[in-house]
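Please look over the sequence and the model shown below before reading on. The report is meant to be read alongside them.

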Amino acid sequence: MKKQLQPLIWRWHLFAGLILAPFLIIIAVTGAIYLFRADIEEYIYKDYYYVEAEGEQLPPSDLAFTALNTVTGGEDITRYRPGESDTRSVEVGITDEDGESLTAFVNPYTREVLGIINDSTRPMEILAALHSELLAGTFGDRIVELVACWTIIMLISGLFLWFPKATEKIKGAVTIRFNKRGRIRQRDFHAVPAFWISGGLLFFLLSGMLWTGFWGNGVQQLTTASGAGYPPSIWVGPAPESTTVAEDVADVSWAAEQMPVADSDPSSGFRQITIDEVVKMAEQTGVHPSYDIFYPASPEGVFTLSVFPPKAQDEATIHIDQYTGSVIADYRYDNYGPLGKIMALAITIHKGLEFGLINQIIGVIICIGLIGMVITGVYMWYKRKPEGSVGAPKAKSIFEYKGLLAVMIGFGIIFPLVGLSLIILFLTDRLIIRKNKTLRRWLNY
């Protein structure tokens with residue numbers, strides 16, 4: 001059976017590899033760099049991040065007011081981040097009259113504004129956008145998701161082609177045979193490293209897809225609809241019936257993005273509490289000190305305390321009524337369902353945070369391995385392909401292989417963009433390629 005399937009799977013593996021190659025290089029390079037985001041930003045912004053401890057810190061309201069008035073055209077304060085240590089500056093998020101999002105770094109002891117950054121121009125934000133959406137917005141997000149899906153298919157097909165035909169050949173499957181020459185050594189440089197990183201690469205692909213706007217959002221919706229989302233105990237009182245979710249009002253953890261947000265009551269007769277009071281409340285909740293406080297965006301809005309810590313176990317999303325100062329919801333890792341906990345851990349590992357330097361090193365090895373897979377695969381194809389042809393095995397109809405067809409339909413259901421791409425490929429094949437003699441010859445039909 002493998003001998004019959006091999007030419008068809010090899011053909012699909014080849015075409016997928018050639019099409020995905022430039023995208024995979026971009027994703028791997030940007031991913032390897034992004035693993036060290038915190039380290040890189042600490043170096044870039046060291047003059048903004050660190051201060052000398054000089055006695056008592058000034059009130060948060062004083063620091064936020066100073067930051068707002070320092071920004072030319074500053075309109076609203078949107079975020080406040082106390083320093084997580086005595087030597088860390090305070091961050092104040094501000095929107096200006098043009099709608100730009102800015103961050104001001106303030107010395108909490110002297111009120112000195114150390115620097116102001118346009119968030120959209122931060123190098124690591126640009127890198128993140130390139131990694132996740134190719135700097136092309138929603139369209140780029142869908143392309144990256146499709147690339148990830150097809151890379152999973154390419155990885156599985158590669159393992160099928162790699163699997164040794166006999167026990168005595170296992171050595172050539174798991175080690176590079178440097179004593180061989182030509183095609184055998186080329187194949188080993190491509191297939192053997194791919195085998196060793198395949199598990200880690202599959203993990204990074206699936207965990208990365210949790211951020212995608214189509215499949216990732218679908219997983220979130222299913223998680224919530226299945227009841228694996230938010231236990232009523234996280235709210236003080238009944239769970240709110242709200243069309244506003246946490247991701248609409250703040251940057252929160254993946255598990256909290258679809259959490260409904262209860263409204264504050266502007267008719268309560270109370271004035272809005274100060275940021276000083278919110279910070280004091282935050283300190284009493286025992287959350288990880290690297291938290292952000294997001295200001296209410298409307299009279300019905302809430303203060304949202306959000307924590308993006310290195311370890312998933314320290315995540316927290318807390319909503320506070322802007323008038324009464326009461327905690328409306330307190331959602332933490334311990335409240336997550338089993339699936340939510342798995343997702344949270346997967347994301348922090350994907351970002352290189354959960355296990356520190358070891359996590360980063362393993363991530364870099366996988367990224368380098370992916371780059372090597374792409375380069376060796378394209379090189380091997382280029383060296384072998386005949387003149388005037390793509391060099392793929394003879395085209396065969398997948399309808400002759402009912403089992404493989406069922407597998408691809410399954411992939412199309414699990415990953416809808418794969419299903420859509422298969423329909424487009426089928427129509428392209430029938431309506432364009434088969435009617436063009438030059439294309440048929442070049443593609444070995």
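## Basis of the model

This is a predicted model, in which local features need pLDDT of at least 70 and side-chain atom pairs count only at pLDDT 80 or more, whereas totals for chains, interfaces and linings use all residues. Residues are numbered from 1 along each chain as its sequence is written, and side-chain values use heavy atoms, with hydrogens and water left out.

## Helices α2 and α5

Helix α2 (residues 37-44) and helix α5 (residues 123-133) have axes that come within 10 Å and cross at roughly 150°. Helices here are DSSP runs of H or I with at least four residues, strands are runs of E with at least two, and both are numbered from the N terminus. Axes are lines fitted to C-alpha atoms, for helices over the stretch in contact, and angles run from 0 to 180 degrees between N-to-C directions. The crossing angle therefore makes α2 roughly antiparallel to α5, where angles over 145 degrees count as roughly antiparallel, under 35 as roughly parallel, 65 to 115 as roughly perpendicular and the rest as oblique.

On the α2 side the contact is made by R37, I40, E41 and I44, and on the α5 side by P123, M124 and E125, contact meaning heavy atoms within 4.5 Å. By class, this contact has four nonpolar, no polar and three charged residues; Ala, Val, Leu, Ile, Met, Phe, Trp, Tyr, Cys and Pro count as nonpolar, Asp, Glu, Lys and Arg as charged, and the others, Gly among them, as polar.

## A16 in helix α1

A16 lies in helix α1 (residues 2-34) and, at 11% relative accessibility, counts as buried (under 20% relative accessible area, with exposed over 50% and partly exposed in between, for a 1.4 Å probe and protein chains only). Leaving aside neighbours within four places in sequence, A16 is in contact with W150 and M154. A16 and T151 are 135 residues apart in sequence, yet their C-alpha atoms are 7.8 Å apart in space.

## Annotated spans

An unreviewed UniProt entry places the feature "transmembrane region" at residues 12-36, 143-163, 189-211, 361-382 and 403-427; such annotations may be inferred rather than shown by experiment. Residues 361-382 are 100% helix and 0% strand, with end C-alpha atoms 31 Å apart, while residues 403-427 are 96% helix and 0% strand, with end C-alpha atoms 22 Å apart.

## Positive phi angles

Most residues other than glycine have a negative phi. L134, in the loop between α5 and α6 (137-162), has a positive phi near 55°. N444, in the segment after α16 (437-442), has a positive phi near 60° and is partly exposed, with a relative accessible area of 23%.
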